[in-house]
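Please read these notes with the structure open.

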Amino acid sequence: MPGQERIWSSSQAVNDQFSDFFIPASIQAYEEDVNFDGKPDTIKFNAKVQGTSPVYGVKALLQFHYEISDDVILKFFGLAYAAHTNALPGGELYLDGELELRQLTPITDKKFNGEFDTRILDSSQSEVAEAVRGSETLQFESIVNSYLNRNYSTTFVDRYPVWKPGAGNSFMLDWNIRIPTHQMITVRPQVIEMLKFAW
């Protein structure tokens, strides 16, 4: 409800900035390697708050370090954003979807490019102005807009959110993020590579 928003962040600077809206949360996050190949298959995120007013909607933003080390070396900090609203007050929101790689233009160099290998949200900073990089203001819209202007990013795709009704004395966000085993990356070969194969 407008004017009744509540906020929790891993950044103390953000919590201090919005102290009038801050609410403590119990957080659990971990990875699962289902097929034991040394790579995470899913990321589990669970957040629970107590003593809240009725909840009619949720916005959440998570940050990951994304890495591919095959023919192309790609390392960057990515985001997963989720938002859901409902006419009925909720006690739990369950999300289950995939973290998909998004690319605007082909990569021109297969070697490691650290252009985006810095945190977008830096919880270690004590000042709000330094806690968010690459955006003008500390708002979801500004952060997401700046993030999606990058050449490569991640997008959370969830087609079947489950909203469970609740009385308003507690709320839980249960988030299951699946990491696809095959992600397509477009590469534009350099001239020297094309000449090498044409020789």
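1. Start with the contacts of F76 in this predicted model. Neighbours within four places in sequence are left aside. F76 then touches F64, H65, Y66, L101, F116, D117, Y147, R150, Y152, S153 and T154.

2. F76 also matters for the core count. The largest nonpolar core has 35 residues. F76, L173, W175 and I177 touch the most other members. Elements giving two or more residues to this core are β2 (42-50), β3 (55-69), β4, α3 (140-148), β5 and β7 (170-178). The largest share is nine residues, and β4 supplies it. As background, nonpolar side chains in soluble globular proteins tend to be buried together.

3. Next, the aromatic pairs. The count is seven. How are the rings of F76 and Y152 arranged? Their centres lie 5.1 Å apart and their planes stand at 65°, so the pair is edge-to-face.

4. Compare W163 and F171. Their ring centres are 5.6 Å apart and their planes meet at 45°, so this pair is tilted. W163 and F171 are both buried.

5. Finally, which residues do ring pairs link into a cluster with F76? The cluster holds Y66, F116 and Y152 along with F76. Y66, F116 and Y152 are also among the contacts of F76.

Notes: Residues are numbered from 1 along each chain as its sequence is written. This is a predicted model: local features need pLDDT of at least 70, side-chain atom pairs count only at pLDDT 80 or more; totals for chains, interfaces and linings use all residues. Side-chain values use heavy atoms; hydrogens and water are left out. Rings of Phe, Tyr and Trp (its six-membered ring) pair if their centres lie within 6.5 Å; planes under 30 degrees apart count as stacked, over 60 as edge-to-face and the rest as tilted. Buried means under 20% relative accessible area, exposed over 50%, partly exposed in between (1.4 Å probe, protein chains only). A nonpolar core is a set of buried Ala, Val, Leu, Ile, Met, Phe, Trp, Tyr and Cys residues joined through side-chain atoms within 4.5 Å. Helices (H or I, at least four residues) and strands (E, at least two) are DSSP runs, numbered from the N terminus. Contact means heavy atoms within 4.5 Å.
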